[in-house]
Amino acid sequence: MVLACVIALFGVLATSERGAGAQSPPDAPEPRGRPAAAIDAPRQYGEALARWRTPEDIAQFIDATFVYDRGRALAHAESAEPRASRPAIHAPEAMFDEPRGVCIDLARFGVETLDRIDSAYAARYVMIEFDPVIIEGRSLRRHWVASFRRDGKLWIFADSRRPGHVAGPYESIDAFVADYARYRGQRIVASRETDTYLRTQRALVRATPAARTP
């Protein structure tokens, strides 16, 4: 009962932060129509790995607990200072203990957690590049989500923009990108599906005309 109350409190905090601020970063969660449902979450990450079986189990935890960190988003953004250091990406264990972060933290939690639960889902990262948005002199343009395969189709989850949502099925990554551009109402200029979130992997797939919004 106590744990359920704690999870419910996380949901209230997440809801309040999702609606805060007129100039929210583009990967901030969209306003919710209702508070997240309370869940009986595992007490430890190891217990979660033993109990969870599907991407939906992970998504339910994200939906109930994730809190967006605006300051961290700006710290990760590109600035006029080319050598400015960025915070390290949260490890899944850290995100479980304190589920607060930005899109890349959530994507890593989704990919690595699902891979530990069942590698047959072939979890990967999806990097999406929009036209840049400038907030407090910093450029925000990249957004990260997690992908997996089920029954030969592509599915997307661990999206900070809509925590808890599992999108799909899609025939291909291009089909998802086109659909996501319509949902976001923003032009996607590049994308890639990759096995790592590390910036050393720089090759991008330029968006096709179908993936662009008017």
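Thanks for having me, everyone. Please keep in mind that this is a predicted model.

Let's start with that pair. Helix α3, residues 55-65, packs with helix α6, residues 103-117, at an angle of about 145°, and their axes are 10 Å apart. The crossing of α3 and α6 is right-handed. Which residues meet there? From α3 we have P55, I58, F61 and I62, and from α6 they meet L106, F109, G110, T113, L114 and I117. By class, the contact of α3 with α6 holds eight nonpolar residues, two polar ones and no charged ones.

The buried residues of α3 are P55, I58, A59, F61, I62, D63, A64 and T65. Helix α6 is mostly covered as well, with 13 of its 15 residues buried. Its length also checks out: at 1.5 Å a residue, the 15 residues of α6 should span 21 Å, and the end C-alpha atoms are 21 Å apart.

D115 sits in α6, and D115 is partly exposed because its relative accessible area is 41%, between the cut-offs of 20% and 50%. Along the sequence, D115 and P55 are 60 residues apart, yet C-alpha to C-alpha they are 9.9 Å apart in space. The other one is E56, in α3. With a relative accessible area of 33%, E56 is partly exposed. Leaving out residues up to four places away in sequence, E56 touches R150 and V166.

Now let me step back to the whole protein. How many helices and strands does it have? The secondary structure comes to seven helices and eight strands. Of the 214 residues, 47% are buried. The accessible surface comes to about 10,500 Å², and 52% of that belongs to carbon and sulfur atoms. Among contacts with a separation of 6 or more, 61% are between residues 24 or more positions apart.

You'll find D27 in the loop between α1 (2-18) and α2 (45-51). Is D27 buried or exposed? It counts as buried, because its relative accessibility is 6% and the cut-off is 20%. Setting aside neighbours within four places in sequence, D27 is in contact with Y68, A73, V102, C103, H143, S160, R161 and R184. H143 is 116 residues from D27 along the chain, and their C-alpha atoms are separated by 6.5 Å.

R184 takes us to helix α7, residues 173-184. This helix has twelve residues and reaches 16 Å from its first C-alpha to its last, close to the 16 Å expected. In α7, the buried residues are F176, V177, A178, Y180, A181 and R184, and they pack against β3, β4, β5, β6 and β7. Just after α7, G185 takes a positive phi of about 65°.

That brings me to some backbone details. Most residues other than glycine have a negative phi, and most peptide bonds are trans. Where does this model depart from that? E136, in the loop between β3 and β4, has a positive phi of about 55° although it is not a glycine. E136 is exposed, with a relative accessible area of 57%. D151, in the loop between β4 and β5, also has a positive phi, near 55°. At 75% relative accessibility, D151 counts as exposed. Finally, the peptide bond from G168 to P169 is cis, with omega near 5°, and P169 lies in strand β6.

That's my tour, and I'm happy to go back to any of these places on the screen.

Conventions. Residues are numbered from 1 along each chain as its sequence is written. This is a predicted model: local features need pLDDT of at least 70, side-chain atom pairs count only at pLDDT 80 or more; totals for chains, interfaces and linings use all residues. Side-chain values use heavy atoms; hydrogens and water are left out. Axes are lines fitted to C-alpha atoms, for helices over the stretch in contact, and angles run from 0 to 180 degrees between N-to-C directions. Helices (H or I, at least four residues) and strands (E, at least two) are DSSP runs, numbered from the N terminus. A crossing is left-handed if the near helix is turned anticlockwise from the far one by less than a right angle, and right-handed if clockwise. Contact means heavy atoms within 4.5 Å. Ala, Val, Leu, Ile, Met, Phe, Trp, Tyr, Cys and Pro count as nonpolar, Asp, Glu, Lys and Arg as charged, and the others, Gly among them, as polar. Buried means under 20% relative accessible area, exposed over 50%, partly exposed in between (1.4 Å probe, protein chains only). Accessible areas come from the Shrake-Rupley method with a 1.4 Å probe; for residues, only the protein chains shown count as cover. The expected span of a helix is 1.5 Å times one less than its number of residues.
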